[in-house]
Amino acid sequence: MESMLNKLKSTVTKVTADVTSAVMGNPVTREFEVGRHIASGGPGLCWRIYNGTKKSTKQEVAVFVFDKKVVDKYQKFEKDQIIESLKKGVQQLTRLRHPRLLTVQHPLEESRDCLAFCTEPVFASLSNVMGHWDNLPSPMPNDIKEYKLYDVETKYGLLQISEGLSFLHSGVKMVHGNLCLENIILNKSGAWKIMGFDFSISSTNPSDAEPKYTCKEWEPNLPPLCLPNPEYLAPEYILSVSCDSASDMYSLGVVMHAVFNEGKPVFQVNKHDIFKSFSRQLDQLSTMSPALLNKIPEEVREHVKMLLSVTPNVRPDADQMTKIPFFDDVGAVTLQYFDSLFQRDNLQKSQFYKGLPKVLPKLPKRVVVYRILPALTSEFINPDMVPFVLPNVLLIAEECTKDEYIRLILPDLTPVFKQQEPVQASNMILLIFLQKMDLLLTKTPAEDIKNSVLPMVYRALEAPSVQIQELCLNIIPTFANLIDYPSMKNSLIPRIKSACLQTSSLAVRVNSLVCLGKILEYLDKWYVIDEILPFLQQIPSREPAVLMGILGIYKCTFSHKKLGIPKENLATKSLPHLVSLSIDSNLNLNQFNSFMMVIRDMLSRMEAEHKTKLEQLHVMQEQQRSMNISNPGSQSEETKSPPSSGTQIDDIFGSSGVNGKENGAAAAAPQPNRMSLTLEEKQRLAKEQEQAAKLRNQQPLAPQTVRPASANNSKTKDLTSSLLNNMTSLNTLSLANQARPAPVQGTTIAAFPAPGPMMGPMGAPVSNGFNQPMGFQTGGMGMGIRPAGPGLYGGMATTTSTPNFGALTQNQGQTNKAPNLSALDSLFTPSQPKVTLNQMGPKPTTNTPWLNQFSSPQNTQTAMQGAPVGMGGVPSGFGMQANPFFSPQNFSQPAAAAASLNQSGIKQSASVNNDLKDLFG
């Protein structure tokens, strides 16, 4: 590795030293930067050719340098002759200006060590290309070593040389005198140019029709650089010391032979015995063998034979040679037309450019890229010609590598991307670029795409031309995969949506939807759900094509494996929108069926997904429930677990069951509903919990000392017995005077524990005395009876006036344990015969805890109307107002109050006594 680096270093050092020594001190270096040695040319290939640039403009040039050390071996007068000859040739070339002559950019400059001048950029001399590598750099440049001329290059090159000679002979009246491979230069684009006017001869009478040329006699003793190349000279130049324009045509014949024979001229000349060699050559030309021209193409072979004729008058002139059929090749004609474009008007150019795409595939890539492309890009300065030139440039770009495209084409295309004037040309340019968008996005660097290409696409979407919008929307899906995601999301999609909503063209709207549908796969799921699907609901039109486009986007999103629509979106947005669209009157049967098919698919998937979710949730709940059963734990853990759905519903609707069944005192205590309680229910629940907490924290109740009753109340009248007797007599009278009505549903009452005359004749439920046939209201005691006439009394005391110790329901179908009430025996006075509360309580019918008998006060009336009635007609469930434990003062009554308990366990309040006194006296 180190040896390789050292070798490279020595090579660079050597090249730098050569360049420095070659042009050091030459005035050319003031204005031009000299680069590397690339080729050689001129008489005897004595000129070294370097590439270079102009310092002020960075324009590329070729620098020709002649090192005077080459002629150090000659004597001084010979040196001077060589230098003068070279100077003459360059000066003559500088004065002449023609497309077929090498263009001089800077005239000859002389320094002590060298001669130098600058020309247009050069590739190499034709001699180098043909394998003559004298005075070339070492190592040999690969581009020269591997260079092969194509047929079209050869044909057009020879045509160019013929045209150059025609200019010299007809326009300047000059004979070149040394036309050979060394004096033909290939410029950077591959054009063949003439140089080396060291031995040119001008006419002595340029104004006359027949010019006369005088030439010098051949001097074999002069250095070779002071003499023309004898292998390309016409015989008359040596033998008769005469020359004219036909002598150059002979040289052209030899050049044509050399081009088709790997750089070998017709004859090899012995420079030491030039006259003998030419005499022998003259004899061979007189009897030319067919094998001599055997490698020359048949269509030009006859013309080459004429050019090599011994008789000058037989040789075709330069103008005639430009018109031979050999040069009528389509490639040569095309290249010739490009060289004369500056003479054509826009109409002629446009016609030519229209037919050019048919010709370009027939031409070699090197010719197209280095000869035709520069001519095409030079037309970009003419806005009217851009629509005609651009298709050809993009066609060439397809054949170029990415590096060639970036280096040779993109710099000229960048201004065209932004061209907006004139409008008609700008629209055509947009259409052309859109058709080749995949090419641009493939070969253009990302930064240039963002800055130049995509803005042009956005401009096309906003163009006023419907045709451009349609084309843009149709083409976007073909290159969507080449657009980076941020540009698509933030710039492209919003413009497509805007075009769809703002346009008045149905075709643009439909194409917008189709375009969105095709590029969905390049978007992410949530962008589609958040931006694309809501946009569909904003589209105002209801044409069938638009509706089917909307359906297509929904279907693509729904069925695409990467996208999909969540069931929540399906249920709340997508399905409602599709259902509303499906019944549009503009749809036909097939279109409606398409809508329904998608809707059914969406419903099926939504159902399957949600059912799966609920099944999984159910399994988790069952597992949790089984864990709670198998591991009971503390009560606090049970209260943390969520209540079952049935319990929640029971909590919401109070004591009424969801199945229409009643929930009486035997029902479990209501659990608080944590999910859907109203504010009032929460307030009620909080109040109940607060009161229950106060009750739990209350001190135990102790027996109180009963004060003696006053004298006037020493004997308490048993109102219950008298009331029952009176009611029995009234009932008997009523039953005797009129028929008994049918019982009313929902007003059934239980029999009294104590037997009485009332039960015998009735034997069936009775109605109250307010409205027949109406059941008892919740506020009644439940002991009403049908009166004998409409003017009799109504219902009795309310439940709130009678403490209900127990919801003492006697449900005959239940066998539950009665609560133990013995703890309350001490609350009552011993003035009456002591009857324990356990005897007063209901039969063992329920095992419900004491606190569970207090049902919520809500829906009391409803529950009472459809529930069995307990002892004394009191509803079996009662609220907090009837709960004695929420009114502790009920337990501090005088001892005389205990006597108000009759044998049926009914306690009468003072208000009840007063009412009865008023009624019965």
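**Hairpin.** I began with β8 and β9, which form a hairpin with 4 residues between them; Gly190 in the turn has a positive phi of about 100°. I keep in mind that this is a predicted model. The two strands run antiparallel and are joined by 3 bridges, with Ile184 standing opposite Ile194 of β9.

On the other pairing of β8, I found strand β6 (residues 122–125), again antiparallel over 3 bridges. Here Ala124 stands opposite Leu186. I also checked which way the β8 residues point: Ile184 and Leu186 go one way, Ile185 and Asn187 the other, and all are buried.

**Salt bridges.** I looked up the total, and the structure holds 24 salt bridges. One of them joins Glu163 and Arg100, with the closest N and O atoms 2.6 Å apart. Glu163 is in helix α6 and Arg100 in the loop between α3 and β4, so I noted a link between distant parts of the chain, 63 residues apart. Glu163 counts as buried because its relative accessibility, 15%, is under 20%. Arg100 is buried too, at 6%.

Next I checked Asp339 and Arg371, whose side chains meet at 3.7 Å, N to O. Asp339 lies in helix α12 and Arg371 in helix α14, so this pair ties together parts 32 residues apart in sequence. Asp339 is partly exposed at 27%, whereas Arg371 is buried at 12%.

**Helix α26.** Last, I visited Glu607, which sits in this helix (residues 589–630) and is exposed at 55%. Its C-alpha is 8.5 Å from that of Lys567, 40 residues away in sequence.

Key:
Residues numbered from 1 in each chain as written. Predicted model: local features only at pLDDT ≥ 70, side-chain atom pairs only at ≥ 80, totals over all residues. Heavy atoms only, no water. Buried < 20%, exposed > 50% of the residue type's maximum accessible area, 1.4 Å probe, protein only. Pairing = 2+ DSSP bridges. Salt bridge = Lys/Arg side-chain N within 4 Å of Asp/Glu carboxyl O.
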